[in-house]
Amino acid sequence: MNKRIRSYESDAFAVEFDIKRCIHAEECVKGLPAVFDPGRRPWVDPDAAPASELRQVIERCPSGALEYRRKDGGEEGVGPTQNTVRVSPAGPLFVSGRLRLVLPSGETVRESRAALCRCGHSDNKPFCDNSHVAEGFNDAGVLIENRMSDGGAHKETVLEIRVTNNGPALLRGPMELRTADGTTTPGGATALCRCGASGTKPFCDGSHKTRGFEG
């Protein structure tokens, strides 16, 4: 998992920016243009807004590229309270909540927000890097069939996302799947396509095997 972190600090706040995770959703620029200005160097000025406003806008970053750290002992925020998986049309899977990402290497990463590649072409797998745009990935982001199961009883509230080697993302834990047409489907376990070739998107149908997907 590649990272390229830059830190922008004030006396009260530190804003950390992972360039490799940014997909230019622009929630930060639209939310607080005085703080986040791509035409300025440095482009992040943590002193330009109250800490409470800065925290709220950073928590809207869907890719998790922006994170914050309080230096003054103030409230850190609770983050998303529900585990959700949002399927964007012709784009990534936006996941948020109490997430535990397990990579093929065995590395475990705690997350609250992430944009996961589902076109199969990202150079920063399992994260999206906007390759779906150049590759012309085309999927409406709606359900053809439901392949969610209840997953049995869950003793914890964390959603585990286990990224398999050259295969799907295996999700287990309480979650709600939200598709582009507004459909919401609760569940507790499923396998989501990462190769971009499944005929039952967003779910895996085994196409990664015949396609020779690597990731």
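This is a predicted model: local features need pLDDT of at least 70, side-chain atom pairs count only at pLDDT 80 or more; totals for chains, interfaces and linings use all residues.
## The largest pocket

Helix α1 gives the most to the lining of the largest pocket, with 3 residues. Helices here are DSSP runs of H or I with at least four residues, strands are runs of E with at least two, and both are numbered from the N terminus. The pocket holds about 390 Å³ of space. Its lining has 21 residues, and the closest to the centre are Phe-17, Cys-22, His-24, Pro-38 and Trp-43. The elements that give two or more residues to this lining are β1 (5-9) and α1 (27-31). By class, the lining has 15 nonpolar, 2 polar and 4 charged residues.

Rolling a probe the size of a water molecule over the atoms shows where empty space is left. A pocket is an open set of points on a 1 Å grid over the protein atoms alone, where a 1.4 Å probe fits, with protein on both sides within 12 Å along at least five of seven lines; lining residues have an atom within 4 Å of a point. Grid points are joined across faces, edges and corners, and the volume is the space filled by probe spheres set on them. Ala, Val, Leu, Ile, Met, Phe, Trp, Tyr, Cys and Pro count as nonpolar, Asp, Glu, Lys and Arg as charged, and the others, Gly among them, as polar.

Residues are numbered from 1 along each chain as its sequence is written, and side-chain values use heavy atoms, with hydrogens and water left out.

The mean pLDDT (the predictor's confidence in each residue, from 0 to 100) of the protein is 93, and 96% of its residues reach 70 or more. Confidence is lowest in strand β3 (residues 66-70), at a mean of 90, and highest in strand β4 (residues 84-87), at 98.

## The second largest pocket

Now for the second largest pocket, with a volume of about 280 Å³. It is lined by 17 residues, and nearest its centre lie Glu-67, Val-109, Arg-110, Glu-111 and Ser-112. Strands β2 (13-18), β5 (93-102) and β6 (108-116) each supply at least two residues of the lining. The largest share, 4 residues, comes from β6. Sorted by class, this lining has 6 nonpolar, 3 polar and 8 charged residues.

## The buried side of helix α2

In helix α2 (residues 51-58), Leu-54, Arg-55, Val-57 and Ile-58 are buried. Buried means under 20% relative accessible area, exposed over 50%, and partly exposed in between (1.4 Å probe, protein chains only). These residues cover an arc of only 165° around the axis, so they sit on the same side of α2. The arc is that of the directions from the helix axis to the C-beta atoms. What covers them includes β2, α1, β3 and β6.

Two peptide bonds to proline deserve a look. A cis bond joins Arg-41 and Pro-42, with omega about -5°, and Pro-42 is in the loop between α1 and α2. The bond from Lys-125 to Pro-126 is cis too, with omega near 10°; Pro-126 lies in the loop between β6 and α3 (131-135).

Glu-26, in the loop between β2 and α1, has a positive phi near 65° although it is not a glycine. Glu-26 is partly exposed, with a relative accessible area of 43%. Ala-90 has a positive phi as well, near 55°, and is found in the loop between β4 and β5. At 25% relative accessibility, Ala-90 also counts as partly exposed.

Definitions and conventions: Contact means heavy atoms within 4.5 Å.
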